[in-house]
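Hi there,

Here is the structure I promised to send over.

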Amino acid sequence: TEDLEKRIADLEDQLKRAVADYRNLEKRAEEEKRETVNFANKKLLLQLLPAFDTLLLAEKHVQDEGLKLSVKKVLEVLKDAGVQRIETEGQDFNPELMECVDTETGEDNKVISEIRAGFALFGKVLQPAQVKVGKKEL
């Protein structure tokens, strides 16, 4: 009976490990599926962002309510897809999120203006923001 009890305990351990392995496999498969969808979205978003950049630039120069509503709607759609706009103006320059394209006299290492909007997909940079950064006078 002692051998049988040991055999039962071993089989129970094997069953527990098999169930745990299966649950881990399910989690990994779900994560891979999510990443595949995100990668497909990333490719499409990278193709669409230049067109959206043009809309944002037009919004800066043209006072039109229809254009403003369109930009707002596109931002909502992007947000629903996991895309967030990178906040820049007045922020400290962050080379992981931003690309400095020009400097100007101003508060050292602070973003003075945004040249092109930056976007992140689920926290990973899709397109770095292009910014003008302040620099103390020499």
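H1 has a kink of about 35° at Leu49, shortly before the proline Pro50; the bend is the angle between axes fitted to the seven residues ending at a residue and the seven starting there. This is a predicted model, in which local features need pLDDT of at least 70 and side-chain atom pairs 80 or more, while totals for chains, interfaces and linings use all residues. Residues are numbered from 1 along each chain as its sequence is written, and side-chain values use heavy atoms, without hydrogens and water.

Helix H1 covers residues 2–61 and reaches 85 Å from its first C-alpha to its last, close to the 88 Å expected at 1.5 Å a residue. (Helices are DSSP runs of H or I with at least four residues, strands runs of E with at least two; the expected span is 1.5 Å times one less than the number of residues.)

Leu45, Leu49, Phe52, Asp53 and Leu56 of H1 are buried, meaning under 20% relative accessible area with a 1.4 Å probe, protein chains only. Among the elements covering the buried residues of H1 are helix H2 (65–80) and strand E1 (83–85), where contact means heavy atoms within 4.5 Å.

The largest nonpolar core has twelve residues, including Leu49, Phe52, Val71 and Phe119; such a core is a set of buried Ala, Val, Leu, Ile, Met, Phe, Trp, Tyr and Cys residues joined through side-chain atoms within 4.5 Å. H1 supplies its largest share, four residues. A second, separate core of six residues includes Met98 and Val111.

Best wishes

Technical notes: Buried means under 20% relative accessible area, exposed over 50%, partly exposed in between (1.4 Å probe, protein chains only).
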